[in-house]
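Subject: Structure handover

Hello,

Here is the structure I promised to pass on. Please open it first, then read my notes below.

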Amino acid sequence: MDAPTTASADNGTSGDSGGGGWFTPHSQPPTPPGGEPPTPEGGRLAAMRPVGRSPVGDGTHQGRIQPTASTPEHRHSEPEPAHQGIRPEPRTPVQPSAPEPRASPDAVLIRRTMSEIGPIADKVTSYFYALLFVRYPDLRSLFPAAMDTQRDRLLTALLTAAEHIDNTEVLVAYLQNLGRGHRKYGTRPEHYPAVGECLIGALSKYASAIWDGESEAAWVRAYTTISQVMIDAAAADELRAPPWWHAEVVSHDLRTPDVAVITMRPDQPYPFLAGQYTSVETPWWPRIWRHYSFASAPRSDGLLSFHVKAVPAGWVSNALVHRARPGDAIRLGPPAGTMTVDHTKDNGLLCLGGGTGIAPIKALVEDVAGHGDRRPVEVFYGARTDHDLYDIDTMLRLQQSHPWLSVRPVVDALAHVQLPDVIREYGPWHEYDAYLSGPPGMIRSGVDALRNIGIPSERIRHDSVDELAVAER
């Protein structure tokens, strides 16, 4: 479970309150038979009121996040973490036109905690999962055998929520995405109290130098609201979509020794938008999901294509490239991501695709063509060597068919220059929206280069860099 953070509920200081259970969701599950499992060091923390009740006494708090019906959702059917999962929106903030509002008290306390545990984040997350699996051993089956990437995702979620704790619109959209995406893991409302209890147990242990009643209360308020947003989003999604789709591999094209173009046929209609991504689970590594972008716009035959590069020690990527064959059954999570085209605008598209990051760029080009747009689309296709331009023929055929499309290959070994640097030689780009897809380093340098030449942050779209760092394995 990728547990994030934010603000809302009553005081929640440690002690025996005799209350009615931790971070209780609206629909409380029955008490499991056999009583409470034994716990490692440290006792239970304070019991919490259910979300939605009025706090007792003076329990109001400025930092509380209140999701409402007016909170906008992502523009697609099912947004998460990462090419990448739950992927939140790009971390580059929109440049404010006025001084930023003062941080809420809960935001200050939560960010202080995150700063304290930052240098020992690995210990904190390892202890959290140890605590969870000892206290609630039945939850272990929801997680993969190897927990390294899972630990990374927990920390990513915490950092994302801490960063956006006072930004209701961004945070609620992110949490709704997480809640929907967690359905594929088998996450149920009754699991959230256990996660919240063990999360705060781990934070209080490793941030003991600054931890006090106010810090605990802030985190309890945060997690109580976080969990309810995720639970509500999952419940709403359950009415319209399955937790996962089965798909059959229908073609497997090995373009290079470590890159394959894989086409699948889902067992039922799979709605998505060009530029989005999904999570993939193979039969060889159950409960291990990795994120890959769709390599085409939605097709009339319903087929889905992905570009997968096998990376060292990459369980899913190596299985897909070297083991998958036509007829194999794959599972897909819901679509996610907001790196999509706004067809109500006529801005040009400036697209940077590095390596297999060309996959969603190709999908965007097909999307523009399918809508009959004639807006200019400039594609810079980056690779280390000519050999790595595995899809250049496809892109050049698209260029021949569409006069508004320009494709420029950029080979590092020949040009002795990085892909983001090349765009400075062209332009101007003030009437373009930018799209970036590729390795984390390319995304970071690309965003910097685009901002330096005057493209505002709100017109730069990419998948989450943090999710990219733990995806594609």
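At roughly what angle do the axes of helix 1 and helix 6 cross? They cross at roughly 105°, and they come within 9 Å. Helix 1 and helix 6 are therefore roughly perpendicular to each other. Helix 6 covers residues 213-238. On the helix 1 side, Asp106, Leu109, Ile110, Arg112, Thr113 and Met114 make the meeting. On the helix 6 side, the partners are Glu214, Ser215, Ala218, Trp219, Arg221 and Ala222.

Confidence

This is a predicted model. The protein has an average pLDDT of 78, and 74% of the residues score at least 70. Strand 2, residues 259-266, has the highest confidence at 98. Helix 13, residues 465-470, has the lowest, at a mean of 46.

Two stretches need care. Over residues 1-98, pLDDT stays under 50. The model still has 296 contacts beyond four places in sequence for that stretch. Over residues 466-473, pLDDT also stays under 50, with 45 such contacts. Where pLDDT is low, predicted coordinates should not be read in detail.

Helix 1 runs over residues 105-117, which makes 13 residues. From first C-alpha to last it reaches 19 Å, close to the 18 Å expected at 1.5 Å a residue. Its buried residues are Asp106, Ala107, Leu109, Ile110, Thr113, Met114 and Ile117. These cover an arc of only 165° around the axis, so they lie on the same side of helix 1.

Helix 2 takes in residues 121-135. Its 15 residues should span 21 Å at 1.5 Å a residue, and the end C-alpha atoms are 21 Å apart, so the two agree. Buried residues in helix 2 include Tyr127, Phe128, Tyr129 and Phe133. Also among them are Val124, Leu131, Leu132 and Arg135.

Single residues

Start with Thr263, which sits in strand 2. Thr263 counts as buried because its relative accessibility is 10%, and the cut-off is under 20%. Beyond its neighbours within four places in sequence, Thr263 contacts Glu248, Val249, Val250 and Ser251, and also Leu303, Leu304 and Ser305.

Arg287 is in the loop between strand 3 (277-281) and strand 4 (289-293). Arg287 has 34% relative accessibility, so it counts as partly exposed. Its phi is near 70°, a positive value in a residue other than glycine. Most residues other than glycine have a negative phi. Which residues does Arg287 contact, leaving aside its neighbours within four places in sequence? They are Ser141, Leu142, Phe143, Pro144, Ala145 and Glu281. Arg287 and Ser141 are 146 residues apart along the chain, yet their C-alpha atoms are separated by 8.8 Å.

Ala313 also has a positive phi, of about 60°, although it is not a glycine. Look for Ala313 in the loop between strand 5 (304-309) and helix 7 (315-323). Ala313 is exposed, with a relative accessible area of 68%.

Last, Asp342. This residue is in the loop between strand 6 (329-332) and strand 7 (348-354). Asp342 counts as partly exposed, at 25% relative accessibility. Asp342 and Asp433 are 91 residues apart in sequence, and 9.7 Å apart in space from C-alpha to C-alpha.

Best wishes

Methods: Residues are numbered from 1 along each chain as its sequence is written. This is a predicted model: local features need pLDDT of at least 70, side-chain atom pairs count only at pLDDT 80 or more; totals for chains, interfaces and linings use all residues. Side-chain values use heavy atoms; hydrogens and water are left out. pLDDT is the predictor's confidence in each residue, from 0 to 100. Helices (H or I, at least four residues) and strands (E, at least two) are DSSP runs, numbered from the N terminus. Contact means heavy atoms within 4.5 Å. The expected span of a helix is 1.5 Å times one less than its number of residues. Buried means under 20% relative accessible area, exposed over 50%, partly exposed in between (1.4 Å probe, protein chains only). The arc is that of the directions from the helix axis to the C-beta atoms. Axes are lines fitted to C-alpha atoms, for helices over the stretch in contact, and angles run from 0 to 180 degrees between N-to-C directions. Angles under 35 degrees count as roughly parallel, over 145 as roughly antiparallel, 65 to 115 as roughly perpendicular and the rest as oblique.
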